[in-house]
Every structure is written in structure tokens, then in C-alpha cells.
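Biologist: I am new to this structure. Please show it, and then I will ask how its features get their names.

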Amino acid sequence: MNLLNSLRFASAQQATRRYFLKQSLGGLAAAFTGLASKTAQASQGGLAFDPNEPWIPRPSHFAPKAKRVIYLHMDGAPSQLELFEHKPELTALHGQDCPQQFLEGKRFAFIRGVPQLLGPLYPFEQVGQTGSWVSDRLPHFKTVADKVCFLRAMHSDQFNHAPAELLLHTGNQNLGYASIGSWASYGLGSENQNLPGFVVLLSGGKFPSSGKSLWGSGFLPSVYQGVQCRSHGDPVLFLSNPPGISRPLRREMIQTIARINERAYEEFGDPQTLTRIAQYEMAYRMQMAATDAVDLAREPQHIHKLYGTRPGEEHFANNCL
């Protein structure tokens with residue numbers, strides 16, 4: 001039946017070959033999706049995922065322990081070798097030529113010849129009941145080191161910034177994979193329907209080497225991609241209504257666009273159209289909620305002092321608060 005629909009649309013709409021193939025294969029995908037949905041409903045006794053309300057928490061096979069995820073990617077921060085990785089052998093080899101066995105069969109981005117080894121510049125000490133090694137550059141961190149999990153079992157063969165960042169955020173050094181934030185929002189949902197489930201805050205005036213792919217949704221529905229917010233001005237670009245546009249008029253515009261998109265979805269069945277409808281609705285609700293969510297002016301002064309904020313600037317401390 002789906003194939004017949006494809007032929008009809010191909011004739012009526014002069015659809016592209018790509019569109020024809022996509023619609024033809026869509027029937028098989030829909031069958032598997034429907035089977036998976038019914039299986040999930042039967043096992044969970046819950047409702048299937050509604051693309052128009054993507055953030056509503058839904059039951060999963062296992063109850064998640066996490067409620068929310070805060071992920072700090074400090075591009076340009078001191079290396080872990082200077083903060084948490086105590087390397088006594090590297091300290092002993094400081095200033096010497098790198099042993100040949102460490103260079104054979106390896107590729108490096110900017111190293112030529114035989115480089116000299118650089119040991120840690122500052123001393124380490126063991127702290128807390130766990131005896132974790134921490135640099136003396138982190139005097140306050142030492143007091144909470146017992147509450148931190150240090151993951152030392154991961155490694156990568158990526159030696160350039162962009163693919164290494166992609167690998168860190170998406171699990172793959174190539175483009176097109178969903179970011180950790182997209183997976184978290186996909187799995188956990190959100191109880192707040194007036195704000196995005198995945199928000200991205202940048203600071204330091206530095207854009208990641210891999211660009212916005214670091215918070216992209218990859219092969220997941222695009223509603224799960226990160227929404228980049230700002231520390232000053234509108235939290236999201238073009239969030240405020242332009243001059244001469246009232247909120248009731250904006251509501252009427254959104255409803256009209258939604259009706260057009262609904263007709264497009266009925267005709268072509270593209271799931272991205274549902275995402276577009278949901279995003280327009282989210283943007284309308286965000287006009288009221290987003291500004292309040294990032295308003296630091298209402299925070300007491302002792303909180304600003306605790307975080308070291310710089311109100312009005314695109315600053316790391318502001319984003320943390």
C-alpha cells in the first residue's frame with residue numbers, strides 16, 4: 001500500500017527519486033515501529049511516544065536513576081595530566097627524548113622528529129579517604145574528591161580536536177551520530193513542557209571545533225537536538241516578538257503555520273514536519289518561560305559571589321548558575 005502511495009505521489013507531485021525510495025521503504029519501517037510500540041505498550045502498560053509531546057516522561061524497561069544531566073565540556077581547560085593524572089614515570093622522563101616504542105606505528109597531528117617529554121608542571125598529592133591523586137592547583141576540589149568518580153578506562157586514537165570532540169560527545173568520530181544530550185533527553189524526557197529538554201550554553205567566546213554537531217540529534221528525531229542559549233539579550237535568538245507583533249497575533253500565526261504543516265504531514269508523512277510543529281509550539285511557550293529561567297538578577301548576592309558570576313557577559317560562571 002505504501003508503494004502504491006509512493007507511485008501516486010510521484011505522479012501527482014513529480015517527487016524526486018530519493019523521495020520515492022524513501023516512501024517505498026517507509027512501509028517496512030512503519031511495520032517495525034508499530035510492532036515495537038505495541039510491544040512496549042504491552043510490557044509497560046503505558047502510552048506510546050507522541051511526537052507532538054516529545055518531552056513527556058514515558059516508561060522505560062528499567063527505571064532511570066538519573067533525573068537530569070549536567071555535562072561540562074571545558075575546551076581549552078588544563079589537561080587531565082595536569083589535574084588528576086599522576087604519572088610518576090613521566091615525571092622521571094621529563095625533558096628527555098620520547099622512547100622510540102611510544103612513537104612506532106603512531107600518527108600525530110603536529111609532531112615531527114623525536115619530541116621531548118613534558119612532565120607535570122605542578123606537584124600532586126593524595127587526598128581524601130580514597131587517596132585520589134590531585135594537583136595542588138585545585139585546593140578546593142580536594143575537599144570533595146571523595147564524591148567524584150574518576151573514569152580512567154577510556155582511550156582514543158583520535159589526535160585532532162574536531163573528531164576527538166565528536167567521539168567524546170557522540171561516541172563516534174564521524175558526523176551524523178546523536179549527542180549524549182540528545183540521548184539523555186530522549187531517554188529521560190522532561191516534566192517541563194515550556195522549555196527544551198536539552199539546552200546548550202557556550203562561554204569564553206570560543207566555538208567548538210566540531211561546531212553544532214556536538215549537540216545534534218543525529219539519527220534521532222530532530223526535536224531532541226540541543227537548543228543553544230545565550231547569557232545576555234534574548235536567551236534564544238529571535239525569541240522576542242518584533243515591533244508591531246503582539247502575542248495574540250503571534251498565537252494566530254503559529255496556529256496558521258501549524259495547520260499548513262499538518263496538511264503537509266497528511267500528504268507526505270514526513271516525521272520532520274511533526275518536529276517542526278512541536279518546535280513552533282515550544283518557541284511560543286518559551287517566550288514566557290525562557291527569560292525567567294536564565295534571569296540571574298533575581299539571585300541573591302551571596303550566590304553570585306559563590307559562583308563568581310559576571311552578569312551581562314558570556315561567562316562560564318554565569319552558565320553554571
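Modeller: Helices (H or I, at least four residues) and strands (E, at least two) are DSSP runs, numbered from the N terminus. By that naming, Tyr 71 sits in the loop between α2 (17-44) and α3 (80-83). This is a predicted model, where local features need pLDDT of at least 70, side-chain atom pairs count only at pLDDT 80 or more, and totals for chains, interfaces and linings use all residues. Residues are numbered from 1 along each chain as its sequence is written, and side-chain values use heavy atoms, with hydrogens and water left out.

Biologist: Why is Glu 85 called buried?

Modeller: Buried means under 20% relative accessible area, exposed over 50%, and partly exposed in between (1.4 Å probe, protein chains only). Glu 85 has 18%, so Glu 85 is buried. Lys 87, at 34%, therefore counts as partly exposed.

Biologist: What makes Arg 152 and Glu 85 a salt bridge?

Modeller: A salt bridge needs a side-chain nitrogen of Lys or Arg within 4 Å of a carboxyl oxygen of Asp or Glu. For Arg 152 and Glu 85 the N to O distance is 2.9 Å, so the pair qualifies. Arg 152 lies in the loop between β2 (132-135) and α5 (161-170) and Glu 85 in the loop between α3 and α4 (88-92), so the pair ties together parts that are 67 residues apart in sequence.

Biologist: How do you know that Glu 85 forms a salt bridge with Lys 87?

Modeller: Their closest N and O atoms are 3.7 Å apart, so this pair also meets the rule. Glu 85, Lys 87 and Arg 152 are thus linked in a network of salt bridges.
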